[in-house]
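Trainee: I have just opened this structure and would like to learn how to read it. Could we go through it one feature at a time?

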Amino acid sequence: MSEISFLAQVNRMFEKAAVHTKHPKGLLDQIRICNSTYAMQFPLKRDDGSIEVIRAWRAEHSQHKTPTKGGIRYAPNVNEDEVTALASLMTYKCAIVDVPFGGAKGGICIDRRKYSEAELERITRRYTFELVKKNFIGPGIDVPAPDYGTGAKEMSWILDTYNSLTSDSLDALACVTGKPVGQGGVRGRKEATGRGVFFGLREACSHAEDMAQLGLSPGLTGKTVIVQGLGNVGYHAAKFIQEGGAIIVGLAEYEGAIYNANGLDLEKVVKHRKETGSILNFPGAENITHSQAALELPCDILVPAALEAVIVGENATRIQAKIIAEGANGPVTAHADTILNERGIMIIPDVFLNAGGVTVSYFEWLRNLQHVRFGRMSKRFEQNMQTRMLDAIQTIMGKKLDPQFMEEVIHGASEEDLVNSGLEDTMINAYNEIRMIAQQHKTDLRTASFINAIDKVAVSYLEMGIFP
Ligand code: NAD
């Protein structure tokens with residue numbers, strides 16, 4: 001089987017799941033197709049005075065729920081097929097974690113390392129201008145967020161441009177998520193996707209019978225892990241996975257990879273990379289100059305968290321990991337997926353596992369519309385109630401409790417506590433939902449995730465009365 005385009009891969013996974021459902025063909029077609037795409041080309045005046053044409057897209061895959069939601073990626077090979085595939089994944093992802101949005105995605109075809117900050121700002125602002133002009137952005141229309149190559153800074157440029165072009169500014173903060181905290185961002189958004197990868201992976205590893213099938217013991221503790229990509233998703237996933245008791249044995253970046261079977265200290269590796277400009281030559285670790293080869297080294301869990309199509313038909317037979325935890329979108333091609341499933345490797349799919357970002361983006365959007373920080377009205381109340389409860393316990397016991405214990409128990413939930421617990425609950429529930437569907441249909445977790453998503457989107461369409 002040869003490799004096919006990213007969108008064709010996503011659609012193949014959709015079709016594989018669709019046969020497990022009883023929905024009419026027309027409804028399945030409507031769920032699968034992309035509703036609207038804006039392909040744009042605009043001029044950039046570079047710092048040296050030359051003019052360059054920039055190509056960019058925004059795809060709104062499904063408006064069965066609005067706003068539509070999805071990140072914006074800056075990458076040199078981004079194209080319409082990729083943006084549409086990613087927008088489709090967003091629709092299914094939102095459905096799987098019960099986030100009431102349709103899916104969307106944006107892409108600008110640039111290698112951000114080749115542009116100055118001022119040029120990146122001009123590109124981002126012009127892109128936003130185009131979106132406003134064509135009604136492709138707004139708190140109730142389409143809400144972008146960070147993705148590969150973008151972060152809080154780009155989101156604040158988007159917000160500022162949107163604000164300056166629109167007159168109704170009351171809810172304008174909700175036109176984009178992943179903003180800096182001082183500009184309406186929510187605490188915990190930056191770490192959310194990586195933290196969600198950790199919660200999802202920890203839940204998957206908690207089922208003793210599933211782990212036994214892989215020849216592993218339950219729990220994350222002691223499991224060996226290789227992470228590809230030390231960006232937003234990869235770094236945070238590695239950080240929380242390491243804190244959760246697993247051992248990071250391999251880390252891969254575009255310049256190369258490092259491996260140490262006894263474990264790598266993530267923070268020390270990050271410091272080393274900052275100081276030397278490369279992940280390579282980290283003390284005590286083996287250098288892997290061809291970064292991609294790191295995916296094939298021994299480990300229990302492999303976390304691809306960089307880009308799509310890194311595990312393909314060609315290298316799928318050599319993967320030694322027992323679990324592949326998809327931090328990135330589309331890291332395993334449809335061909336590789338078939339091979340890995342036949343080999344009994346567990347794949348925790350992107351449509352579920354990296355949904356932490358959109359989940360917390362949903363919380364940020366809600367916070368912006370409510371115009372109040374989560375926990376502002378309840379924190380002190382909770383604190384007072386807990387103090388009274390512990391005082392009563394001390395009175396009954398006739399002795400004082402440990403002051404440190406008191407402090408830990410008494411504090412009311414902060415915004416970050418609430419965001420993280422909402423994320424944890426979402427990832428645990430969603431995992432158990434897809435695990436149950438996988439058991440019912442005797443299929444893999446990816447197919448189960450798509451079945452779940454198709455059923456939920458179908459219900460929305462049926463409730464609209466469009467289909468009989
Ligand atoms: P990022 O730009 O913050 O980080 C990507 C990292 O991958 C960079 O450090 C880059 O140097 C590295 N990289 C690039 N090519 C590589 C290669 N060939 N080998 C190893 N490393 C390589 O991007 P991100 O936001 O972390 O996104 C990564 C993936 O996660 C993408 O597929 C994205 O769509 C997906 N994702 C991101 C979010 C989010 O909230 N940011 C949410 C869901 C899914």
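Trainee: Is threonine 68 buried or exposed?

Mentor: Threonine 68 counts as buried, because its relative accessibility is 0%. Buried means under 20% relative accessible area, exposed means over 50%, and partly exposed lies in between, using a 1.4 Å probe and protein chains only. Before we go on: this is a predicted model, where local features need pLDDT of at least 70 and side-chain atom pairs count only at pLDDT 80 or more, while totals for chains, interfaces and linings use all residues. Residues are numbered from 1 along each chain as its sequence is written, and side-chain values use heavy atoms, with hydrogens and water left out.

Trainee: Where is threonine 68 placed, and which residues is threonine 68 in contact with?

Mentor: Contact means heavy atoms within 4.5 Å. Threonine 68 sits in strand β3 (residues 68-75). Strands are DSSP runs of E with at least two residues, helices are runs of H or I with at least four residues, and both are numbered from the N terminus. Leaving aside neighbours within four places in sequence, the contacts of threonine 68 include Glu60, Ser62, Gly102, Ala104, Ile141 and Val143.

Trainee: What about arginine 273: which residues does arginine 273 touch?

Mentor: Arginine 273 belongs to helix α9 (residues 266-276). With a relative accessible area of 21%, arginine 273 is partly exposed. Not counting residues up to four places away in sequence, arginine 273 touches Glu253, Tyr254, Glu255, Ser278 and Ile279.

Trainee: Let us turn to strands. How many bridges pair β1 with β2?

Mentor: Two strands pair if DSSP finds at least two bridges between them. Here strand β1 (residues 36-45) and strand β2 (residues 51-60) are joined by ten bridges, in the antiparallel sense. Tyrosine 38 has arginine 58 in β2 as its bridge partner, and phenylalanine 42 has isoleucine 54 in β2. Together β1 and β2 make a hairpin with five residues between them, and glycine 49 in the turn has a positive phi of about 95°.

Trainee: How many bridges join β2 to β4?

Mentor: β2 and β4 run antiparallel and are joined by five bridges. In that pairing, glutamate 60 stands opposite alanine 104 in β4.

Trainee: In what order do the strands of the open sheet come?

Mentor: The open sheet has seven strands, ordered β9-β8-β7-β6-β10-β11-β12, with mixed pairing. β9 (286-288) and β12 are at the edges with a single partner strand each, so one side of each has no neighbour in the sheet.

Trainee: Now for helices. At what angle do the axes of α2 and α17 cross?

Mentor: Axes are lines fitted to C-alpha atoms, for helices over the stretch in contact, and angles run from 0 to 180 degrees between N-to-C directions. Helix α2 (residues 25-32) and helix α17 (residues 445-463) have axes that come within 10 Å and cross at roughly 105°. The two helices, α2 and α17, are therefore roughly perpendicular. As for the cut-offs, angles under 35 degrees count as roughly parallel, over 145 as roughly antiparallel, 65 to 115 as roughly perpendicular and the rest as oblique.

Trainee: Which residues of α2 and α17 meet?

Mentor: From α2 come Leu27, Leu28, Gln30 and Ile31, and these meet Ile454, Val457, Ala458, Tyr461 and Leu462 in α17. Of the residues in this contact, eight are nonpolar, one is polar and none is charged. Here Ala, Val, Leu, Ile, Met, Phe, Trp, Tyr, Cys and Pro count as nonpolar, Asp, Glu, Lys and Arg as charged, and the others, Gly among them, as polar.

Trainee: Last, the backbone. Which peptide bond is cis, and where is a positive phi found in a residue other than glycine?

Mentor: Most residues other than glycine have a negative phi, and most peptide bonds are trans. The bond from threonine 66 to proline 67 is cis, with omega near 0°, and proline 67 lies in the loop between β2 and β3. Aspartate 98 has a positive phi, near 55°, and lies in the loop between α3 (80-96) and β4 (102-109). Asparagine 135 also has a positive phi, of about 60°, and at 52% relative accessibility asparagine 135 counts as exposed.
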